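Colleague: I've got the model open and I'd like to go through some of the labels with you. Can you show me what we're looking at?

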Amino acid sequence: MTLGWVGNILILVALWQTGCKNKTGWLWSIAGNTVWSYYAIRLQMWDMLFVDLTALFLAVYNWQKWRKDAKATT
């Protein structure tokens, strides 16, 4: 299995978990986008790296936001 497939599987799990309103979906997304970022660097695909790093940033941002919202409601 190549890194691309691993990244795809992680991102699909992330989408599923996030759709189920499970905050661990953001952690799956962080893992998947980290794999894709590494893969993009290895392939020297700078446009793909930009998209993956942007998605990685958004996943970290949203995970932090969900954590803060969960603490505020408890």
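Colleague: Which residues are buried in α3?

Modeller: In α3, the buried ones are M48, L49, D52, L56 and A59. Keep in mind that this is a predicted model.

Colleague: And what do the buried residues of α3 pack against?

Modeller: They pack against α2, residues 24-43. The buried residues of α2, in turn, pack against α1 (3-19) and α3. The buried list for α2 includes G25, W26, S29, I30 and W36.

Colleague: Why is W26 called buried?

Modeller: Buried means under 20% relative accessible area. W26 has a relative accessible area of 15%, so W26 is buried.

Colleague: How many aromatic pairs turn up in the whole structure?

Modeller: A search of the whole structure gives three. One of them is W26 with W66, an edge-to-face pair.

Colleague: Why is the W26 and W66 pair called edge-to-face?

Modeller: Two checks. Ring centres must lie within 6.5 Å to pair, and planes over 60 degrees apart count as edge-to-face. Here the centres are 5.7 Å apart and the planes are at 85°, so both checks are passed. The pair also links distant parts of the chain: W26 is in helix α2 and W66 in helix α3, 40 residues apart.

Colleague: Then why is the pair of F57 and Y61 stacked?

Modeller: Planes under 30 degrees apart count as stacked. For F57 and Y61 the planes are at 20° and the centres 6.4 Å apart, within the 6.5 Å limit, so the pair is stacked. The two residues are four apart in helix α3, so about one helical turn separates them.

Colleague: Are F57 and Y61 exposed or partly exposed?

Modeller: One of each. F57 has 55% relative accessibility, and the cut-off is over 50%, so F57 counts as exposed. Y61 is at 45%, so Y61 is partly exposed.

Colleague: How do you know that the charged end of R67 sits over the ring of W63?

Modeller: For an Arg, CZ has to be within 6 Å of the ring centre and within 35 degrees of the ring normal. The charged end of R67 is 5.0 Å from the centre of the W63 ring, and R67 is listed as sitting over that ring.

Colleague: What span would you expect for α3, residues 46-73?

Modeller: The 28 residues of α3 would be expected to span 40 Å at 1.5 Å a residue. From first C-alpha to last, α3 reaches 41 Å, close to that value. α2 has 20 residues and reaches 29 Å, close to its expected 28 Å.

Terms used. Residues are numbered from 1 along each chain as its sequence is written. This is a predicted model: local features need pLDDT of at least 70, side-chain atom pairs count only at pLDDT 80 or more; totals for chains, interfaces and linings use all residues. Side-chain values use heavy atoms; hydrogens and water are left out. The expected span of a helix is 1.5 Å times one less than its number of residues. Buried means under 20% relative accessible area, exposed over 50%, partly exposed in between (1.4 Å probe, protein chains only). Contact means heavy atoms within 4.5 Å. Rings of Phe, Tyr and Trp (its six-membered ring) pair if their centres lie within 6.5 Å; planes under 30 degrees apart count as stacked, over 60 as edge-to-face and the rest as tilted.
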